[in-house]
Amino acid sequence: MSTTVLPSYDEVVERYEPVIGLETHVELGTNTKMFCGCPTDFGGEPNTRVCPVCLGLPGSLPVANKAAIEATIRIGLALNCSIASWCRFARKNYFYPDMPKNFQISQYDEPLCVDGYLDVEVDGELVRIGIERVHLEEDTGKTLHVGGATGRIHGATESLVDYNRAGIPLVEIVTKPIPGTGAQAPMVARAYVTELRDVIRSLDVSDVRMEEGSLRCDVNTSLNPVGATEWGTRTETKNVNSLRSVERAVRSEMLRQASVLDAGGRITQETRHFHEDTGDTTSGRSKETATDYRYFPEPDLVPLAPDAAWVAELKAALPELPRVHRKRLQEQWGLSDLDMQSVLNAGAVELIEQTVAAGTTPAGARKWWLGELSRRANETGVELAAVGATPAQVAELQGLVDAGKLNDKLARTVLDRVLAGEGSPTQIMTARGLEVVSDTGALTAAVDEAIAANPAIADKIRDGKVAAAGALVGAVMKTTRGQADAKTVRELILSRLGVEG
């Protein structure tokens with residue numbers, strides 16, 4: 001059995017030019033499905049959120065969801081798209097084991113939004129990502145393959161189908177091909193999906209939770225030799241479900257395709273599966289063309305003709321977009337471009353903003369989210385927002401530090417218990433007796449004990465070497481298990497030794 005030796009990433013970008021493209025699917029947060037009145041909330045017993053329409057039973061007729069149409073137009077406007085004055089739905093025919101009617105109602109040659117762009121920042125440089133189309137369709141159901149080792153159909157003994165998700169409004173956002181990014185291609189892909197997620201969240205049309213599938217990304221990647229006039233054959237890595245994995249999927253495909261091309265092989269146009277555990281992709285199926293899907297106009301739905309005045313109203317009511325919002329926050333928080341980039345890279349902008357709103361300073365909020373909490377998120381492999389502490393809890397913790405009730409060491413101990421689910425910082429501090437001791441009466445005995453145990457150090461302090469007091473402060477902190485107020489202890493030591501600080 002031979003093992004393929006992949007080239008280094010530097011070798012790949014020296015010889016090849018990557019071209020990427022992203023197709024992002026967003027489940028809208030409407031109350032009901034796209035063409036019927038079934039609820040859309042996540043979870044529930046399988047096949048309980050269905051009706052004759054989303055099951056495709058004979059005689060049932062779809063009716064378009066106005067709220068979904070409005071949300072799609074707002075997304076298109078936020079992405080600088082032109083909104084169609086007239087468009088229509090189409091049937092996309094394909095073998096859909098997770099669609100009971102075995103076709104999907106989508107849009108084909110006449111999408112709702114076209115020709116937009118989204119600006120993203122990568123390493124301080126602005127990259128404009130062209131948006132080809134934003135169209136509206138219905139989501140598929142969900143299959144579960146059991147009895148195998150991989151969770152995929154190959155090797156499974158049976159497959160189960162849950163139609164609860166079938167028919168939920170789904171917006172597909174397709175970029176134009178993105179050439180010219182070179183070695184930064186994986187980072188550009190991640191930055192785009194990150195910024196797109198923030199834009200959609202700001203519009204309040206979806207919770208864009210990748211872990212629940214309400215934001216899913218297909219990553220297209222191709223390579224062509226540097227200087228070539230034609231682009232290479234692309235592959236489509238399906239349903240990449242985290243921001244980190246978007247970056248990894250592009251990098252993995254660049255390495256794999258380069259190794260195939262280096263060996264004189266040809267890239268097959270196909271879908272591929274990304275594996276979170278290894279960071280590799282494996283072959284899925286050959287990629288169909290539009291002809292294979294046999295699109296034709298949906299006969300049961302009338303065309304859409306959004307009123308121009310209504311579109312203008314929606315545009316005027318758009319919220320402050322994330323890039324503008326971040327710039328304003330940066331000025332309010334007094335951060336340099338580098339500091340703000342660190343906040344952005346950590347995914348902490350919204351968390352810090354909410355923590356400040358809960359009553360602490362920007363510096364206090366940044367200290368925890370970019371320090372201890374980021375470290376813990378990295379150790380456990382979760383997004384920062386899922387680490388286990390809320391902005392309100394972080395603000396309360398920093399408030400206890402600011403009030404002198406906790407020092408940083410004790411605060412980290414309290415944070416441990418917060419993350420363990422023991423309660424609020426104040427409750428934990430009180431229940432575990434972790435509050436800083438600043439009462440001079442309670443500390444005097446510990447100070448006298450430290451002086452008596454370290455006569456040489458005490459003599460140095462009496463001789464004017466005040467800096468030596470740090471050793472005695474450390475001894476008192478050890479005796480009090482870190483609960484003494486260091487400033488108070490130092491003042492007591494100098495006072496007991498008759499030295500002015």
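**A loop, some cysteines and the whole chain**

Guide: Val208 lies in the loop that runs between α3 and β10, where helices (H or I, at least four residues) and strands (E, at least two) are DSSP runs numbered from the N terminus. The model is a predicted one, in which local features need pLDDT of at least 70 and side-chain atom pairs count only at pLDDT 80 or more, while totals for chains, interfaces and linings use all residues. Residues are numbered from 1 along each chain as its sequence is written, and side-chain values use heavy atoms, with hydrogens and water left out.

Visitor: Is Val208 buried or exposed?

Guide: The terms rest on relative accessible area, with buried meaning under 20%, exposed over 50% and partly exposed in between (1.4 Å probe, protein chains only). Val208 has a relative accessibility of 2%, and therefore it counts as buried.

Visitor: Which loop holds Asp204, and is Asp204 buried or exposed?

Guide: Asp204 is placed in the loop between α3 (185–203) and β10 (215–225). Asp204 is not a glycine, yet it has a positive phi of about 60 degrees, and Val208, also not a glycine, has a positive phi of about 40 degrees. Because its relative accessibility is 68%, Asp204 counts as exposed.

Visitor: How many disulfides does a search of the whole structure find?

Guide: A disulfide is a covalent bond between the sulfur atoms of two cysteines, and here it is taken as a pair of cysteine sulfur atoms within 2.5 Å. For Cys38 the closest cysteine sulfur, in Cys51, is 3.5 Å away, which is too far for a bond. For Cys217 the closest is in Cys81, at 16 Å, so that this too is too far for a bond. Over the whole structure, the number of disulfides found is zero.

Visitor: What are the relative accessible area of Cys38 and the relative accessibility of Cys217?

Guide: Cys38 counts as buried because its relative accessible area is 7%. Cys217 is likewise counted as buried, and its relative accessibility is 0%.

Visitor: Where is Cys113 placed, and which residues does Cys113 touch?

Guide: Cys113 belongs to strand β5 (residues 113–122) and is buried, with a relative accessible area of 0%. A contact means heavy atoms within 4.5 Å. Leaving aside residues up to four places away in sequence, Cys113 touches Thr72, Ile73, Gly76, Cys81, Ser82, Ile83, Glu132, Arg133 and Val134.

Visitor: How far apart are the C-alpha atoms of Gln104 and Ala166?

Guide: Gln104 sits in strand β4 (residues 103–106) and counts as buried, at 4% relative accessibility. Among the residues that Gln104 touches, beyond four places away in sequence, are Tyr96, Met99 and Glu137. Along the chain Gln104 and Ala166 are 62 residues apart, and the separation of their C-alpha atoms is 9.5 Å.

Visitor: What is the radius of gyration of the chain?

Guide: This radius is taken over C-alpha atoms, and the globule rule is 2.2 Å times the number of residues to the power 0.38. The C-alpha trace spans about 95 × 55 × 50 Å along its principal axes. A compact globule of 501 residues would have a radius of gyration near 23 Å, whereas the chain has 29 Å.

Visitor: How many helices and strands does the chain have?

Guide: Of the 501 residues in the chain, 47% are buried. Among contacts between residues at least 6 apart in sequence, 69% join residues at least 24 apart. As for its elements, the chain has 17 helices and 14 strands.
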